[in-house]
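Hi everyone, thanks for making time for this. I'd like to walk you through one structure today, a few residues at a time.

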Amino acid sequence: MNNLLKYIRFLSFDVTLGATLLTLALSDFFGTELPHSIPICMAISIWLIYTLDHLIDAKKHHEISIERHLFHRRNFKLILINSVIIALFGIYIVLSLPAVTFLYGLGLIMLVIVYFTLIYFFENFHYKEVLVAIVYSLGVFLGPLSLNSGKIEVEFNVFFIQLLLLAMINLLLFSYYDFEKDKEDKNPSIAIKLGKPAVQRLLTFFFMVLVIIQTSSIIYFLGNFSHLIFQFLFMLMTVVLFALKKWKYHFAINDRYQFVGDGVFFIPTIWLLV
């Protein structure tokens, strides 16, 4: 069972499923009906982005101590072939996207191209975590936002900013936990660039901003019961990530932080069961 979960994580199936369920939860909360093509396209896109990122890491570095990158190096050809097949299927699904969602998606694709250009041609690009957090958050919100009749509501802004901060915190924590391995592999990361003490201060700042936003959100939408429930789920995500920051030694054992850190994005999907 442990090996199965490990390979699910190596192949980014957990991140892909979490992002897909999250976008479905958001669309349900905002009252936006998504055609099946949107979550399918988003799942394919998320999986391809993470997989291509891992394949590049596997090829770029001679010495690898991170198990996920080692897995992608050993299975490089097989994963690459499957990626091409899935990408072709994704192109077919894109043709059935709503026109407005397709246009939004083109903008996001441009950002993804910028990301891969930076990590491929600049070996010492240390801020990939920032771009990944932005791409992830925009991707999850793309469907509900594109079909929201062009209106940008307060709730969209409130939850998008929270998700962006949570994604940033998640990746900063991973960078912090992987500091020694990344240093050994000469793998650039924000923790390597800024140093662990600076990352700790940055995490503290982001948590403080989150608490301020979440408290303000509760006060502003005090009479909206649905909003309060959804906001509670985002607060629960914050608490779990704060636990990763607080008890680093406990979650470092057997890479527990990876399961918990990726699993935190499943929490808002509880909304679909309410």
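Let me start with Ser 12, which is buried, with a relative accessible area of 0%. You'll find Ser 12 in the loop between α1 (2–10) and α2 (13–29). Before I go further, please keep in mind that this is a predicted model. What is the phi of Ser 12, given that this residue is not a glycine? It is positive, at about 65 degrees. As a reminder, most residues other than glycine have a negative phi.

Next, a pair that I think you'll like. How many salt bridges does the count come to? The count is one. The partners are Asp 53 and Lys 128, whose side chains meet at 3.2 Å, N to O. Asp 53 belongs to helix α3 (residues 37–60) and Lys 128 to helix α7, so this pair ties together parts that lie 75 residues apart in sequence. In general, side chains of opposite charge can pair when their charged atoms come close.

Are these two partners buried or exposed? Asp 53 has a relative accessible area of 9%, so this residue is buried. Lys 128 comes out at 12%, and this residue counts as buried too, because the cut-off is under 20%.

Let's stay with Lys 128 for a moment. Helix α7 covers residues 128–146, and Lys 128 is in that helix. The side chains of Lys 128 and Asp 53 are also joined by a polar contact of 3.2 Å. What else does Lys 128 contact, once we leave aside neighbours within four places in sequence? Besides Asp 53, the list has Asp 57, Tyr 115, Ile 119 and Pro 188.

Now over to helix α6, which runs over residues 99–121 and holds Val 100. Val 100 is partly exposed, with a relative accessible area of 32%. Thr 101 is in helix α6 as well, but Thr 101 counts as buried, at 2% relative accessibility. Leaving aside neighbours within four places in sequence, Thr 101 is in contact with Ile 38, Leu 142, Ser 146 and Leu 147.

Which residues make the nonpolar surface patch of about 730 Å²? They are Val 100, Phe 102, Leu 103, Tyr 104, Leu 106, Ile 109, Met 110 and Ile 113.

On to helix α12, residues 225–246, where Gln 231 sits. Gln 231 is a glutamine with 0% relative accessibility, so this residue counts as buried. What does the side chain of Gln 231 pair with? Its polar contact is with the side chain of Gln 162, at 2.8 Å. Not counting residues up to four places away in sequence, Gln 231 touches Gln 162 along with Val 158, Phe 159, Gln 214, Ser 217 and Ile 218. For a sense of scale, the C-alpha atoms of Gln 231 and His 126 are separated by 32 Å, and these two residues are 105 apart along the chain.

Leu 228 is also in helix α12. This leucine is partly exposed, with a relative accessible area of 25%. Leu 228 touches Ile 218, Phe 221 and Leu 222, again not counting residues up to four places away in sequence. From Leu 228 to Thr 269 is 41 residues along the chain, and their C-alpha atoms are separated by 15 Å.

A quick stop at Asp 185, which is found in helix α9 (residues 179–185). Asp 185 is buried, with a relative accessible area of 6%. Asp 185 and Asp 255 are 18 Å apart in space, C-alpha to C-alpha, and 70 residues apart in sequence.

Finally, two helices to look at end-on. In helix α4 (residues 67–74), the buried residues include Arg 68, His 69, Phe 71 and His 72. Viewed down the axis of α4, the buried residues fall within an arc of 155 degrees, so they line one face of the helix. Helix α14 (residues 256–263) has Tyr 257, Gln 258, Gly 261 and Asp 262 as its buried residues. Down the axis of α14, the arc is 115 degrees, so here too the buried residues line one face. The background is simple: an α-helix has 3.6 residues a turn, so residues three or four places apart point the same way.

Note on methods: Residues numbered from 1 in each chain as written. Predicted model: local features only at pLDDT ≥ 70, side-chain atom pairs only at ≥ 80, totals over all residues. Heavy atoms only, no water. Buried < 20%, exposed > 50% of the residue type's maximum accessible area, 1.4 Å probe, protein only. Helix = DSSP H or I, 4+ residues; strand = E, 2+ residues; numbered from the N terminus. Arc of directions from axis to C-beta. Patch = residues over 30% accessible without salt bridge, like charges linked within 9 Å, V, L, I, M, F, W, Y side chains within 5 Å. Areas by Shrake-Rupley, 256 points an atom, 1.4 Å probe, with all protein chains shown as cover. Salt bridge = Lys/Arg side-chain N within 4 Å of Asp/Glu carboxyl O. Polar contact = N/O pair within 3.5 Å; in protein donor to acceptor, adjacent residues only side chain to side chain. Contact = heavy atoms within 4.5 Å.
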